[in-house]
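Hi everyone, thanks for coming along. I'd like to walk you through one model today, so let me put it on the screen.

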Amino acid sequence: MDIRTTGGPATAEEMAAVDSLLGPADSLWSGGERRPADDHVAYGGRSRRSQRHLLLPVLHAIQDRIGWVSRGALEYACRRLSIPPAEAFGVVSFYARFALHDRGPLALHVCDDVACKCAGADEICARLESTVGPAGGAWHRSACLGLCDVAPAALVERSGAAHEERQLGSITFEEADGILRGGAWPREAARPMPRQRGRMLRRIGEYDPDSLDGYLSVGGFEALARARDVGAEAVIREVTDARLLGRGGAAFPTGRKWESVAKAVARPHYLVCNADESEPGTFKDRVLMESDPFAVVEGMAIAAFATGCDKGFVYIRTEYPLARKRIENAIAQTSARGLLDIDIEVRRGAGVYICGEETALFNSIEGKRGEPRNKPPFPVEVGLFGKPTLPNNVETLVNMLDIVVGGGAAFVSIGTKDSSGTRQFCVSGDVERPGLYEVAMGTPLRALLDMAGSHKLQAVLLGGAAGSFLTPEQVDVPLSFEGTRAIGATLGSGAVIVFGETADMKQVLLRIARFFRDESCGQCVPCRVGTKRQEEILERMLASHGGDSRADVMLLSDIAQAMRDASICGLGQTAASAIASGLTQLKVLNG
Amino acid sequence: MADAVFVGMPKRMVGLSIDGRDVEVVEGSTILDACRRMAIDTPTLCQLDNLTPINVCRVCVVELEGSRVLVPACSRKVEAGMKVRTDSKRVRHSRRLVLELLGSSVDMSLCSPEVRGWMARYGAEPDRFGAVATVAQPVKVDNDLYVRDYSRCILCYKCVEACGVDAQNTFAIGVAGRGFDAHISTEFDVGLPDSACVYCGNCIGVCPTGALMFKSEHDMRAAGTWDESAQNVTETVCPYCGVGCMLELHVQDNTIVKVTSPLDHSVTAGHLCVKGRFGFEFVQRRRGE
């Protein structure tokens, strides 16, 4: 491939950022100095092109060090990895984290998503707008940062040779303003303990999450040892008997997935732990990774053992630096001790919700735009790098420990007939005690709300932006897959966002419409244009107080049906569900 | 006796039912192939026989029994026993909405008459969304050979595929941005002369909306002299190298205004190089000029 770069050289620092990951360039053909031999021998070809999957790590290295990705820097990265610049530009412009113009080293991302909105994020943003200026320079409005239990949340980072970033909770305008004026950063967000713990969360707080010995002292790696004792087939049988449904949101039977991968003939098999938790209002995987990282690694080791995976990836959203650090440490310590028999690599997301969709996630690991693939073929046949792949959510994998040790029969003794086990619920919004609650499947939503302390309830958003609104009359619904399905709702990712009487539901609906418009990958027409039209029409309806909006309601419902029926992936298929339920169940416009 | 020649595994026939009628097609075919065999007119925008199906426009969706959502006919392979409906209420609704959503955001006035036919068939009224955002923008004219008018772009990815592994392997353009802001672009939106473009024009050959156009056609349209009814198409073979690409010369007033090649031609599959596509000026050098 003849790569044409006309943007001028990269700066020494930009080259250093790329080289810090790839090592020095060895010839003119890979972006280095011209050597006499380069006139006669061309290097490259398949071996260099197969490094395509390093594009995102390289872009992160540039962004971390320089604060933005210039044309020179991108073209240098393209020469090093043998990627056409137009394709690489498509990638860098897809991901929200990478800046394409110099906006200075400091970036403050203030979450104004649904849960933080209830906690006053809008006032902070409005005051920043009037004092500092509109978002887009040093500060940015951000979608959910996964810190809903300490809302309003923010993430601050400073690029440079020593890139710094910090997750902030319960942030005030004064703190945000101080950061932007160059002041010291507030301390790292508090990490409240889970409010309600079942068997899955029992280790949290019981050991130092940075210490393998600590994990071993609370029974760590007993499950992996047991799995090796009984053998792969027996493990899969227990998982099947446990009737575990995937905890990422789609609720696919985990046992069936494992069996398919184990039986897949093509090699190698890949294991992908989906830790791109970005559903607004969801933070369970963050808590698990931060407080029980070794259990995540052990769960992956069990999955890899049972399904014959040769290599594992953990794809963690970039907004979770602490979780990333802890998981990296857990992998390093575990493999140094010889407890892991597969290689697990941590990959960092780049600020895009759609990469939580499994096939978009594969494309992202492969160094491409995070566009979902059409299914079939399914990941268990054709997944990451075109090979059989087992994609599992963090919570799903941590469940394996108890299933392997206690057996599938014991696992189904908790929960309901069709929804076994316990479930992590992320309660946020207008409640006295926001946080993580582990309860048995089938627990009524009302019980959860009572535990969290909810008064003067107006609505509950169950399942995040891709879920739907429930009215106060519907809160007796049992929190199980079949229970929620019966009333046309979904458990989704386990997000429970509570709205009190004073919440402005119109603004909440608008925020959800903006979220989907912003997060649509843009690949298929129903979602790309549909989410845009949905936002425009909703804005129009909310602006015209009391006017006749029947035609607009009709339009929204027409768009919703086409998005649900004809979109490629789950994002488009659910992009209208919360808004539709807000209009029909809550009658937001009638109030 | 000569050595045996491996001709591949024999292909089985797969039986399925479409709109209540049974049909058998070769395994590996798509639902679209089966629909075409049954002469069921299926709208397509991002599909082209010489490109890999990418199923992004979703206008070809059909209802498949047992599937929660509609499936794209252009890429879904047939399986034995499938029950497909191509004209159900849900199918008609999605096809209508796709055409409406596109029509409300993109200038589709230069699309083929076929597309206008589908809009009429499905009752698409793009104006019903009211005053909404479009992709309107100025035409990009940065070279003498072709222009890019992205206000006509429906983002079907065909040009990117033709520029990439499906034909040219040049990779001068890609899809950039995300969501409604997604667009076709060179790196950092540089002009084509600064990009990797080799001016093969294969992107023009596959563009279904007139977003990519010969500059000669663009200039004549601007001047109001473009008249397809006054054009003759002359078939010939490219005079440059020995490959033998078939050319279709579109001639108006004794002047070549555009060059294409048939999609089903065994040599070109519709694709040409810069010489065949644009190297015709010497033909038009008249005595005395």
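This is a predicted model: local features need pLDDT of at least 70, side-chain atom pairs count only at pLDDT 80 or more; totals for chains, interfaces and linings use all residues.

Let's start inside. The largest nonpolar core holds 199 residues, and the members that touch the most others are Trp258(A), Phe469(A), Phe499(A) and Ile512(A). Helix 14 of chain A, residues 293-307, gives this core its largest share, 10 residues. There is also a second, separate core of 23 residues, with Leu245(A), Val427(A), Leu448(A) and Val460(A) among them.

While we're looking at covered regions, have a look at helix 13 of chain A, residues 284-291. How many of its eight residues are buried? Eight of the eight are. What I like here is the list itself: the buried residues include Val287(A), Leu288(A) and Met289(A), but also Lys284(A), Asp285(A), Arg286(A) and Glu290(A).

Now the cysteines. The disulfide count over all chains comes to zero. Take Cys524(A): the nearest cysteine sulfur belongs to Cys527(A) and is 5.3 Å away. Cys524(A) is buried, at 6% relative accessible area.

On to charges. Side chains of opposite charge can pair when their charged atoms come close. Over all chains, the count is 68 salt bridges. Let me pick out a few.

In chain A, Arg141(A) pairs with Asp112(A), with 2.7 Å between the closest N and O atoms. These two come from distant parts of the chain, 29 residues apart: Arg141(A) sits in strand 2, while Asp112(A) is in the loop between strand 1 and helix 6. Which of the pair is covered? Asp112(A) is buried at 0% relative accessible area, whereas Arg141(A) is partly exposed at 31%. Both belong to a salt-bridge network that also takes in Glu129(A), Arg511(A) and Arg514(A).

In chain B, Glu100(B) and Arg96(B) form a salt bridge at 3.0 Å between the closest N and O atoms. Glu100(B) is buried at 0%, and Arg96(B) is partly exposed at 21%. Another chain B pair is Arg221(B) with Glu228(B), at 3.6 Å; Arg221(B) is partly exposed, at 31%.

Finally, the interface. On the chain B side 50 residues are in contact with 52 residues of chain A. Together the chains bury about 4,100 Å², and 57% of that is on carbon and sulfur atoms. Three salt bridges cross between chain B and chain A. Asp518(A) and Arg178(B) meet through their side chains in a salt bridge, 4.0 Å from N to O. Between the two chains there are also 24 residue pairs in polar contact. And which element supplies the largest share of the side of chain B that touches chain A? That would be helix 2 of chain B, with nine residues.

That's my tour, so over to you for questions.

Note on methods. Residues are numbered from 1 along each chain as its sequence is written. Chains are lettered from A and ligands numbered from 1 in the order in which they are written. Side-chain values use heavy atoms; hydrogens and water are left out. Buried means under 20% relative accessible area, exposed over 50%, partly exposed in between (1.4 Å probe, protein chains only). Helices (H or I, at least four residues) and strands (E, at least two) are DSSP runs, numbered from the N terminus. A nonpolar core is a set of buried Ala, Val, Leu, Ile, Met, Phe, Trp, Tyr and Cys residues joined through side-chain atoms within 4.5 Å. A disulfide is a pair of cysteine sulfur atoms within 2.5 Å. Contact means heavy atoms within 4.5 Å. Buried area is the accessible area (1.4 Å probe) that two parts lose on being put together, summed over both. A polar contact is a pair of N or O atoms within 3.5 Å; within protein, one must be able to donate a hydrogen and the other to accept it, and residues adjacent in sequence count only if both atoms are side-chain atoms.
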